[in-house]
Amino acid sequence: MTGPEDVAALESELVGIWQEVLLDPTVTAESSFWDFGGTSLTAARLLSTTRRRTGRTVPFEVLIRNPSPRQLACLLQ
Amino acid sequence: MVNARVGDSARAIPGVWQPLDGASGVDVVLAVDFESARPDRGLTALLGPFAGQVPVLRLRTDALPVGPGGQGLVADWVDGLRQSRLRPRLIVGYCAGGAPACAIAEAWGADAPPVILLDPETVDDRTISHEVGAALEQLADFLPATDRERTVAEARRTCREQDGPTLVRTLVQRYQESGRPVFAELAVDAQAEAALCARLASYLVFLVTARSLGYSDRSVTRLLLSAHHDPPATVTGPIERFPVIRAGLLDDPGVRAAVAAAIEAADL
């Protein structure tokens, strides 16, 4: 069963991935991937890194429609 | 048979059309452009605010099949509406979506809806190879400029020699070959690489389709143009020009008002 702590942990993990791939430590849980210069290529890097680190597979379209760590964490919970 | 209504059920509309959230009904406004990944861009942003009052369907372009192309694809789009008993009462086309918007209206046949085009663009070999270059530009930090320029030049030659699904497959294959070392360096895995290439393929299908459809003596209801954009020579209709650069056209209040007036005139 997934609890709020698990979602928070996933969100935190995703924030770290966002910061690393977008090369910007100011990214927060609510930051949109697009507002930080996201491109198709960086999206592909995010998806790969997310899969490697969390074991979760996120389709491209899901990231596009849920571009912040918080949105994605809620969806993946 | 009772007509399906936009908003009653997403399943009522075959996958080629995506309802923007909001009103339901059988008489709809169609939005035709290549769907930007960002919901705050393109026709989704322009027409989204109207979706609370009238049903708006946007063409889904995130996973176009590398198959029929041209008129075959247009026939699929029109069939999707007919199967759901939906009636287009206004078609809005933007940029490269201009030619598909006109083709949809023509394919609808009798009782064809009015068509409004915003900065309609002619898609040619140069446009397509330019967009391949734009995709490669994302690899610029890792791929030498000479390699990118060579690939774009090859793409331009290929655009002259090939068409339809063959052209799309060739261009995507070249992009993938050029990008593979970069993907490896950036730890982009095979699944993400495939998704990246599928999205490029979808975009190229849209462009190649627009190129093949063209604009042969099209008369449209209205042309809304940015300050320096000229419509294709074979497209005619009343012109309304706005004092904005192209990138600002869809955000312009005057454009929004013109679209609002057209929606009102469509009497949905």
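A residue counts as buried when its relative accessible area is under 20%, and that cut-off is used throughout this report on a predicted model.

Strand 2 of chain B, residues 27–32, has 6 of its 6 residues buried, so this strand is largely enclosed by the rest of the structure. In a regular strand the side chains alternate between the two faces of the sheet. Here B:D27, B:V29 and B:A31 point one way, while B:V28, B:L30 and B:V32 point the other way, and buried residues are therefore found on both sides of strand 2 of chain B.

Strand 2 of chain B pairs with strand 4 of chain B and also with strand 3 of chain B, as set out below.

| Partner of strand 2 of chain B | Sense | Bridges |
|---|---|---|
| Strand 4 of chain B (residues 87–94) | parallel | 6 bridges |
| Strand 3 of chain B (residues 56–59) | parallel | 3 bridges |

Together with helix 1 of chain B, which covers residues 42–47, strand 2 and strand 3 of chain B form a right-handed β-α-β unit.

The relative accessible area of B:S202 is 1%, and because the cut-off for buried is under 20%, B:S202 is classed as buried. The side chain of B:S202 reaches the backbone nitrogen of B:L64 at 2.9 Å. Leaving aside residues up to four places away in sequence, B:S202 touches B:F34, B:T61, B:D62, B:A63 and B:L64.

Definitions and conventions. Residues numbered from 1 in each chain as written. Chains lettered and ligands numbered in written order. Predicted model: local features only at pLDDT ≥ 70, side-chain atom pairs only at ≥ 80, totals over all residues. Heavy atoms only, no water. Buried < 20%, exposed > 50% of the residue type's maximum accessible area, 1.4 Å probe, protein only. Helix = DSSP H or I, 4+ residues; strand = E, 2+ residues; numbered from the N terminus. Pairing = 2+ DSSP bridges. Right-handed = clockwise from strand over helix to strand, strands pointing away. Polar contact = N/O pair within 3.5 Å; in protein donor to acceptor, adjacent residues only side chain to side chain. Contact = heavy atoms within 4.5 Å.
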